[in-house]
Amino acid sequence: MTSTLRRVAGGAIAAVAVFALVLTVNGQSKVACDPDNGGIKLPDGFCALVVANGLGPARHMAVAQNGDLYVAFMSRGGRGQPETGGGVIGLRDANGDGKFEIQEQIGTGSTTGVAIRNGYLYLAHPTVIERFKLTPGQLKPSGAAEVVVSGLPDERQHEDKGITFDGRGSFYINVGAPSNACQQPDRRPGVKGVDPCPILEKHAGIWKFDENKLGQKQEDGTKFATGMRQFPAITWHDGAVYVVMNNRDQLDVFWPEKFAAKDNAERPAEPMYRAVQGSDFGWPYCFFDYGLKKNVLNPEYGGDGKEVGRCASFTPPVAAFPAHWAPVDVMFYTGNQFPKKYQGGAFIAFHGSWNRAPMPQDGYNVTFQPFSGEKPSGAFEVFASGFAGKEPLSNPNDAVARADGVAQAPDGSLYIGDSQKGKIWRVFYKK
């Protein structure tokens, strides 16, 4: 890295002018990191550039080989209200300064998962998976969308979809559970969970589909794995699907005779699972306890916070993260721009949850989990922090930013997206 200072002109999207340090990559000055890393904190040796801002509620991202970035967006509006926004925005750096001056809207409707595969851009909506044919050199597809899967469950709790491909002709999506712990009615004090839980038939699992077949329904796919509450953080790695799950809420609210607010805020870990055909991870019967480091029986099924019971029969996680950090995206790093310790490991975007209340919020970071092959090789570490903008934080809506997406650029740098205002960072290691 050089010590040269220069004024960086704001583009059409990132319009704030700042002084920046010119980053030298492979002997050439290519981009300029922001002196404050765009407001986030990174490990020594790393720097960040804000490449876009003010885009809206950004979710997952996908990067084309030419460097174009495709960012998925949630829509605005709710039941009985018009839906606005959503779809994907395609971004292109036209002048080589590392920032995106060109943007194109692609598709509509609330979108979380986005992927590029075999010349197609895939969009994962709550009930539909669709794709657009990409033309080499063009940022925006010119043709209409093709529907790959439709008719997915339409319940409005945990409906957001991630998507990942195995490179063998199949793709996988999460179908979240429209429930906290399979109570009927849901989220009520002292109500037992339905046993067996009927939600597991069409929800709370990974579904596998043929990437080369159009017009599929859920029943045309295969239930690949089950027993997970909600997990848009989904990716293929080393012969399996890896997910990071949002665990159950409100232990103390619904079972105050058994659990205190501190138990709820600290005990139900956000587990990382390695899923193969037939895996069962135990939702809604169990939760993985962050302190005890084991599955314990949920109170809805007679648990007291210590009893294991049937939970001994379910597949345990390969890693676990603190309660209510709220994982949204995960990717395994395959580049070499970052130091060797990061190569082969997983980056996880945690956007934070409301459910630690009345205790302060936590999460709001990008965490790194080292791996060796299919297994973690050490303890996790917070890689990027400072998104929330203040501590303590009581309300998620007061956060300045919330990390919702991670994606690897062709040169091995890392994109991080934010769902509050639609800010996108690009993180480099300063070689």
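The second largest cavity has a volume of about 40 Å³. A cavity here is a set of points on a 1 Å grid over the protein atoms alone where a 1.4 Å probe fits but cannot get out, and its volume is the space filled by probe spheres set on the points, which are joined across faces, edges and corners. This is a predicted model, in which local features need pLDDT of at least 70, side-chain atom pairs count only at pLDDT 80 or more, and totals for chains, interfaces and linings use all residues. Residues are numbered from 1 along each chain as its sequence is written, and side-chain values use heavy atoms, with hydrogens and water left out.

Lining residues have an atom within 4 Å of a point. For the second largest cavity they include Trp283, Phe287 and Asn295. Strand S23 (residues 286–289) contributes the most, with three residues; strands are DSSP runs (E, at least two residues) numbered from the N terminus. This lining has seven nonpolar, four polar and no charged residues. Nonpolar means Ala, Val, Leu, Ile, Met, Phe, Trp, Tyr, Cys and Pro; charged means Asp, Glu, Lys and Arg; the others, Gly among them, are polar.

The largest cavity has a volume of about 50 Å³. Its lining residues include Glu155, His158 and Lys161, and the lining divides into three nonpolar, four polar and three charged residues.

I turn now to the largest pocket, whose volume is about 1,100 Å³. A pocket is an open set with protein on both sides within 12 Å along at least five of seven lines. Its lining comprises 22 nonpolar, 15 polar and four charged residues.

Note on methods. Helix = DSSP H or I, 4+ residues; strand = E, 2+ residues; numbered from the N terminus.
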